[in-house]
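Hi there,

Here is the structure I promised to pass on to you. Have a look at it first, and then read my notes below.

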Amino acid sequence: LYMNCHYCGSFRILRDAGQFPVLSASQALALSRVVRLRNIQFPKDLIFIESIDDVKILTQEVDVPKNAIQNLDVLLESIALLAPNMGDTVGNDVGLTGLTAIAMSPTYKSLSALIEAASERGLVKATNNTSFSLTLSGWEKLEQVIKRPSRSAFVAMWFHPDMEKVWHDAYEPALRELGWTPIRIDKEHFTNRIDDEIIQKINKSGVVIADVTGERQGVYFEAGYAQGLGITVIWCCNSSFTTLLPKHSDIHPECSVTYSPAPTRWD
């Protein structure tokens, strides 16, 4: 079933529309933004949607604004995406309807109010409510928004059943209690290569938790990459982690390597 919505854009549903799961208000706003941007950036690349999982994958990188201040930030970022150079404008090819969807405003009225507020503050230049561009002050404001520290926390760890307890009982609840969004790559939905996804997640993280229990090479790589970017890395390890590892003699009978003490302990 091909869909062509004046608000959401064009996409295809791969099942009976009557059976398609009902989206929450946040999911609908996020999906409309993703579809609209994809239609503009890749007009021949039609989005296919079959289930709610497809929606989650498409919208996982989209943070739906929770208040008017965040709505204003998204508006500035949306105009910058569509008109990336000084003097560029968002015109009739996108229109007020398209900008409403991309800026994740629930109604035209709310977007118009945001544009009016942004214009009064000298952040946006609006001409007859049909043409929009960022002013120099708008670009400066957007630069401040981009530099805000991320509240995502990437957790690099061994994906072993014995490690699930520390994830569920320690890392995940502790990070959420402190206001961080914990990210563990094996629990994320994505369609691109896993190594590309890991790099992307670390790039957007404000902190990385590196649990070296099990001495997984990937954990060391992810922690080193984060440190190279200047991201804070918190090193952790189970003090009895050697009991979780295969004996070196099981790998090679003449191996005599011993384990060094853990740098930080969570027991």
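In helix 7, the residues Val166, Trp167, Tyr171 and Leu175 are buried, where buried means under 20% relative accessible area, exposed over 50% and partly exposed in between, with a 1.4 Å probe and protein chains only. Helices (H or I, at least four residues) and strands (E, at least two) are DSSP runs, numbered from the N terminus. An α-helix has 3.6 residues a turn, so residues three or four places apart point the same way.

Before we go on, please note that this is a predicted model, in which local features need pLDDT of at least 70 and side-chain atom pairs count only at pLDDT 80 or more, while totals for chains, interfaces and linings use all residues. Residues are numbered from 1 along each chain as its sequence is written, and side-chain values use heavy atoms, with hydrogens and water left out.

What do the buried residues of helix 7 pack against? Their partners are strand 6 (152-156), strand 7 (181-183), strand 8 and strand 9 (232-236), with contact meaning heavy atoms within 4.5 Å. Just after helix 7 comes Gly179, which has a positive phi of about 90°.

Now to strand 6. Because 5 of the 5 residues of strand 6 are buried, this strand is largely enclosed by the rest of the structure. Ser152, Phe154 and Ala156 point one way, and Ala153 and Val155 point the other way. In a regular strand the side chains alternate between the two faces of the sheet.

Strand 6 runs parallel to strand 7, joined by 3 bridges; two strands pair if DSSP finds at least two bridges between them. Here Phe154 stands opposite Ile183. Strand 6 also runs parallel to strand 8, with 4 bridges, and Val155 stands opposite Ile209 there. Together, strand 6, helix 7 and strand 7 make a right-handed β-α-β unit: with the strands pointing away from the viewer, the path from the first strand over the helix to the second runs clockwise.

Is Ser205 buried or exposed? Ser205 counts as buried because its relative accessibility is 7%. Among the residues that Ser205 touches are Ser152, Ala153 and Phe154, which belong to strand 6.

Enjoy exploring!
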